[in-house]
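Welcome! Please open the structure in your viewer and get your selection tool ready.

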Amino acid sequence: MANGFVTAAEAVKLIENGDHVYIQGSTSIPEVLVEALADRAHELKDITVYSAFAVARRPSPLCKPEYKDIFHIDSFFVSNAFREWIAEGYGTMTPRFLGEVPELFRDGTCRVDVALINCSVPNERGEVSFGVSADLATSAVECADRVIAQINPNVPFTPGDAVIHTSQLAAMVEVDEPLVEVPTAVPTEKEILIGNYIAELIPDGATLQIGVGGIPNAVIRALENHKHLGLHTEAMTDGVLPLLEKGIIDNSLKKVMPGKSIASLALGSKALYDYLDNNEDIIFKDVAWTNDPYIIAQNPKVMSINSCLEIDLTGQVCADSIGRKIFSGVGGQHDFVYGSSKSEGGISFLAMTATTAKGMNKIKPVLTEGAGVVTTRFQTNYVVTEYGAVNLRGKNLAERAKLMISIAAPEFREELEKEAITRFGYSFMRLK
């Protein structure tokens, strides 16, 4: 039990050799504690470090060659804090749907001895909130033997699962450090086209799950004439603020927690964090709950909108790696694709520009060698590029290939047709 504030150096002395340490993510990495842990490297050995989705100011101080046998980095979602370290082979990642990671903590498959978190100042009841990152932090805090917290006035107090009483903290460190701010992605002309295609297919009264980036923001911009939308999402960004402030998102037709917007984490600007502070209309929940497909499916007209890196002609979707290099993780894409498919009137959209910034084709005859399949061909419904939206649901492989070619960049369509003929033969040719 915490009894007043201690220094970060004193707090991390609670970490012992062989411990498994969870570091909170989103834009709320407890960086002062992580720095203090790195400073103890010469005293420690065999520390396993768990991380997940996070936006860091800089590469982690734990990632130094001289620390490679001290801190064993194991990430469930590869963030910029550890991306190069893992790419170089010093760290690794454990594949798992983000919504299923809490189960690994709770059943002991992945032991959590210590949780390092970034918290709000206490309320009148002595409770603190870990703010913009309920996600895995909820289960890690629940399972940890020792919870070490930064008490930070910049962390918003968010109602929901991300709340703990200070009596449950093993140590508290006073910190005044802004959360990382993530600039709102301004959609390109191509992304605006994609956003418009998707928005045209979204009905009034829909429940939205919206990912991060230019395409999701383009969709949001195109929804300003919609009515009675709901929000049940993994990540909340600045993009939804106009819809909330104008009452377009009012959550009136949701079945799960009607009247409330639901998220598991947030990333954006200080304006977003201020908006969330003590806002009883927005509830932050354990990612095991927000991403449960069976909970998602209880809402009507769930619209799942996610980005991807490449798709093959059969509808296999890669969203986590560039070839063999792990770039990110699965996150909630699979959970919301499945959940929306079971929702009455639900639709899942997987969207991307047809080419990379360097003009390379992202609709492939087969996925790049080593690319991970995040959404299987058996689950893919709508695929959207700047050239249109096609629905693969109920389509055979040859029909899928024809549809995918129709939304590829024109300069690659002839090549893709040749590949489709080679692969699918007459079943494809007869469609021409």
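Here is a short tour, stop by stop.

This is a predicted model, where local features need pLDDT of at least 70 and side-chain atom pairs count only at pLDDT 80 or more, while totals for chains, interfaces and linings use all residues. Residues are numbered from 1 along each chain as its sequence is written, and side-chain values use heavy atoms, leaving out hydrogens and water. Helices (H or I, at least four residues) and strands (E, at least two) are DSSP runs, numbered from the N terminus.

**The sheet.** Select the six strands of an open, mixed sheet, ordered β11-β10-β16-β21-β23-β24; two strands pair if DSSP finds at least two bridges between them. At the edges, β11 (230–231) and β24 (388–391) have a single partner strand each, so one side of each lacks a neighbour in the sheet. Next, colour β10 (residues 207–210) and β16 (residues 302–307), which pair in the parallel sense over four bridges. Leu 208 stands opposite Met 303 in β16.

**Helix α14.** Phe 412, Leu 416, Ala 420 and Phe 424 are buried here (under 20% relative accessible area, with exposed over 50% and partly exposed in between, using a 1.4 Å probe and protein chains only). Just after α14, find Gly 425, with a positive phi of about 60°.

**Pro 153.** Finish in the loop between β7 (146–151) and β8 (163–165), the place of Pro 153. At 51% relative accessibility, Pro 153 counts as exposed. Its C-alpha atom is separated by 58 Å from that of Glu 417.
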